[in-house]
Amino acid sequence: MYLPPHDPHVDDPMRFKPLFRIHLMERKSATVECMYGHRGPHNGHIQIMKKDEFSTKCNQTDHHRMSGGRQEEFRTWLREEWGRTLEDIFHEHMQELILMKFIYTSQYDNCLTYRRIYLPPSHPDDLIRPGLFKGTYGSHGLEIVMLSFHGKHARGTKITGDPNIPAGQQTVEIDLRYRIQLPDVESLRDFSELSRIVLEVGEQVRQEQQQEGGPEDSEGEPRPGPVQPHAEPPAEQGREPGDGGALAAAEQPVQSGQGQPFVLPVGVSSRNEDYPRTCRMCFYGTGLIAGHGFTSPERTPGVFVLFDEDRFGFIWLELKSFSLYSRIQATFRNADSPSPQAFEEMLKNIQSLTS
């Protein structure tokens, strides 16, 4: 299991935790050991379910128990998962969420089903290289998100989830047709000014989605109409996503040696205050929010902030919150998708598990 760094250190490397191991014996036989818990390896079982899917089962779950009972198990898990004790966490809502996660994850006792996921295919014209990123999610801690590009849109799909938004759901969607020009730093500190700019663009997007019989691009999406003063498409109208327009726009500030100054508006909370103070560009996007148990989900407006090749951010307007994402540098073998179609099918499958 690859675990994210301790919250909120999003730039730290992933942590590695063995869950099971297989000993290959003579005559095509093998033994399986469960590595979960703190009492050493013990008897386990692995079953191949179907293509790209298998399950693990621990045959000696008593090895997962501790002499101090559930309280000791919880404190040990808390130190490993969060790098702190419950006394260090003063926020009552955060304590509640952490306890919910412990109860939810510990009930499985390493009896799990695994399904293959592919890394997103990359194209030379992508804004940045797609892949897996660690992101801050307020009191939920750090979560893993897969950034992928789909024509004129980019998507962030949750690989790990929380009590509000489960894994498999599309946490953010970025409309690469609508680049947002941020105001100067002093004006940017005013949340109402940023909100006004973003909501203007959001209204424009909504109106265009409601237009019937309008011109469409090659992917069946409405072409951008007249843009607001603070929104501009990333490339000339009429360009297609593969012709380098978005990439040229993304690299322009870097090639000229200039980045746009960036600061969070006053009142926007961030788990990690060590975010970059310059950015390449920003785009209009939406973020998925919901109540506990994925109740009443809705997409709300926000700003996608591209810092560099390995970091981006998202400002959630309604939550007045900022998520910072940092690329996972670990290398995963045999994880490339055999085709773009296979990757799209995988995204649909993992989303259907929690829809």
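## Burial and overall make-up

Of the 355 residues in the protein, 45% are buried, where buried means under 20% relative accessible area, exposed over 50% and partly exposed in between, with a 1.4 Å probe and protein chains only. The structure is a predicted model, in which local features need pLDDT of at least 70, side-chain atom pairs count only at pLDDT 80 or more, and totals for chains, interfaces and linings use all residues. Residues are numbered from 1 along each chain as its sequence is written, and side-chain values use heavy atoms, with hydrogens and water left out.

The protein has 6 helices and 19 strands; these are DSSP runs numbered from the N terminus, with helices being H or I of at least four residues and strands E of at least two. Among contacts (heavy atoms within 4.5 Å) with a separation of 6 or more, 56% are between residues 24 or more positions apart.

## The open sheet E3 to E7

An open sheet is formed by 5 strands in the order E3-E4-E5-E6-E7, with antiparallel pairing. Two strands pair if DSSP finds at least two bridges between them. Strand E3 (20–24) and strand E7 (112–115) each have a single partner strand and stand at the edges, so one side of each has no neighbour in the sheet. From one strand to the next the twist averages 35°; axes here are lines fitted to C-alpha atoms, for helices over the stretch in contact, and angles run from 0 to 180 degrees between N-to-C directions.

E3 and strand E4 (residues 30–34) run antiparallel and are joined by 5 bridges. Phe-20 has Cys-34 as its bridge partner in E4, and His-23 has Thr-31. The hairpin of E3 and E4 has 5 residues between the strands, and in it Arg-27 takes a positive phi near 60°.

## Helix H2

Helix H2 (residues 92–106) has 15 residues, which at 1.5 Å a residue should span 21 Å; its end C-alpha atoms are 21 Å apart, in agreement. The expected span is 1.5 Å times one less than the number of residues.

Met-94, Leu-97, Ile-98, Phe-102 and Ser-106 are the buried residues of H2. They lie on the same side of H2, because they cover an arc of only 145° around the axis, the arc being that of the directions from the helix axis to the C-beta atoms. Glu-92 and Tyr-104, on the other side of H2, are exposed. Helix H1 (69–82) is included in what covers the buried residues of H2.

## Strand E9 and its two partners

In strand E9 (residues 142–150), 9 of the 9 residues are buried, so the strand is largely enclosed by the rest of the structure. In a regular strand the side chains alternate between the two faces of the sheet. Leu-142, Ile-144, Met-146, Ser-148 and His-150 point one way from E9, while Glu-143, Val-145, Leu-147 and Phe-149 point the other way, and all are buried.

Strand E8 (residues 131–136) runs antiparallel to E9 and is joined to it by 6 bridges; Lys-134 has Ile-144 of E9 as its bridge partner. The hairpin of E8 and E9 has 5 residues between the strands, and Gly-138 in the turn has a positive phi of about 55°. E9 also pairs with strand E10 (residues 153–158) in the antiparallel sense, over 6 bridges, and Val-145 stands opposite Lys-158 in E10. The hairpin of E9 and E10 has 2 residues between the strands, with Gly-151 in the turn at a positive phi of about 65°.

## Nonpolar cores

A nonpolar core is a set of buried Ala, Val, Leu, Ile, Met, Phe, Trp, Tyr and Cys residues joined through side-chain atoms within 4.5 Å. The largest has 26 residues, and those with the most contacts inside it are Ile-180, Leu-182, Phe-262, Val-303, Val-305, Ile-315 and Phe-322. Strand E11 (170–180), helix H4 (191–210), strand E16 (281–291), strand E17 (295–308) and strand E19 (321–327) each supply at least two residues of this core. H4 gives the largest share, 6 residues. Apart from this core lies another, of 20 residues, among them Leu-176, Phe-283, Ile-289 and Trp-316.

Val-305 lies in strand E17 and is buried, with a relative accessible area of 0%. Not counting residues up to four places away in sequence, Val-305 touches Phe-262, Cys-279, Met-281, Cys-282, Phe-312, Gly-313 and Ile-315. The C-alpha atoms of Val-305 and Gly-285 are separated by 9.8 Å, the two residues being 20 residues apart along the chain. With the same exclusion of residues up to four places away, the residues that Phe-262 touches include Leu-182, Leu-188, Tyr-275, Val-305 and Phe-322.
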